[in-house]
Amino acid sequence: MSTQFELILRKEVEKINTETALNQAKASLRESQALLREAFDLLENHGFKKEAQEVIELTRKIGKVMGRL
């Protein structure tokens, strides 16, 4: 049978793991936004206006998700 201390310790470890995963997800989303901005610039500079606009929409959607995290 688990002691109270073990239960508390497990909850804290789970909380830390969740926070770590969340931080990693945020970092990945920031990297994605940076890559999408590069893609936007390339597309726009080569005349792909419609596609560039779609990339900007993706960047905004990622920003909204990050705002909820």
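This is a predicted model: local features need pLDDT of at least 70, side-chain atom pairs count only at pLDDT 80 or more; totals for chains, interfaces and linings use all residues.
Local features need pLDDT of at least 70 and side-chain atom pairs pLDDT 80 or more, whereas totals for chains, interfaces and linings use all residues. Residues are numbered from 1 along each chain as its sequence is written, and side-chain values use heavy atoms, without hydrogens or water.

**View A. The salt bridge between Glu57 and Arg60.** The N to O distance between these side chains is 2.8 Å. Both residues lie in helix 2 (residues 49–68), three residues apart, about one turn of the helix; helices are DSSP runs of H or I, at least four residues, numbered from the N terminus. Glu57 is partly exposed at 34% relative accessibility, and Arg60 is partly exposed at 48% (buried, under 20%; exposed, over 50%; partly exposed, in between; 1.4 Å probe, protein chains only).

View B. Gln33 is buried, with a relative accessible area of 10%. A polar atom of the Gln33 side chain lies 3.2 Å from the backbone oxygen of Thr59. Beyond its neighbours within four places in sequence, Gln33 is in contact (heavy atoms within 4.5 Å) with Thr59, Ile62, Gly63 and Met66.

View C. Ala52, Val55, Ile56, Thr59, Ile62 and Met66 are buried in helix 2. These residues cover an arc of only 115 degrees around the axis, which puts them on the same side of helix 2 (arc taken from the directions from the helix axis to the C-beta atoms). The buried residues of helix 2 pack against helix 1, while Lys50, Lys61, Lys64, Gly67 and Arg68 are exposed on the other side of helix 2.

Definitions and conventions
A salt bridge is a side-chain nitrogen of Lys or Arg within 4 Å of a carboxyl oxygen of Asp or Glu. Helices (H or I, at least four residues) and strands (E, at least two) are DSSP runs, numbered from the N terminus. A polar contact is a pair of N or O atoms within 3.5 Å; within protein, one must be able to donate a hydrogen and the other to accept it, and residues adjacent in sequence count only if both atoms are side-chain atoms.
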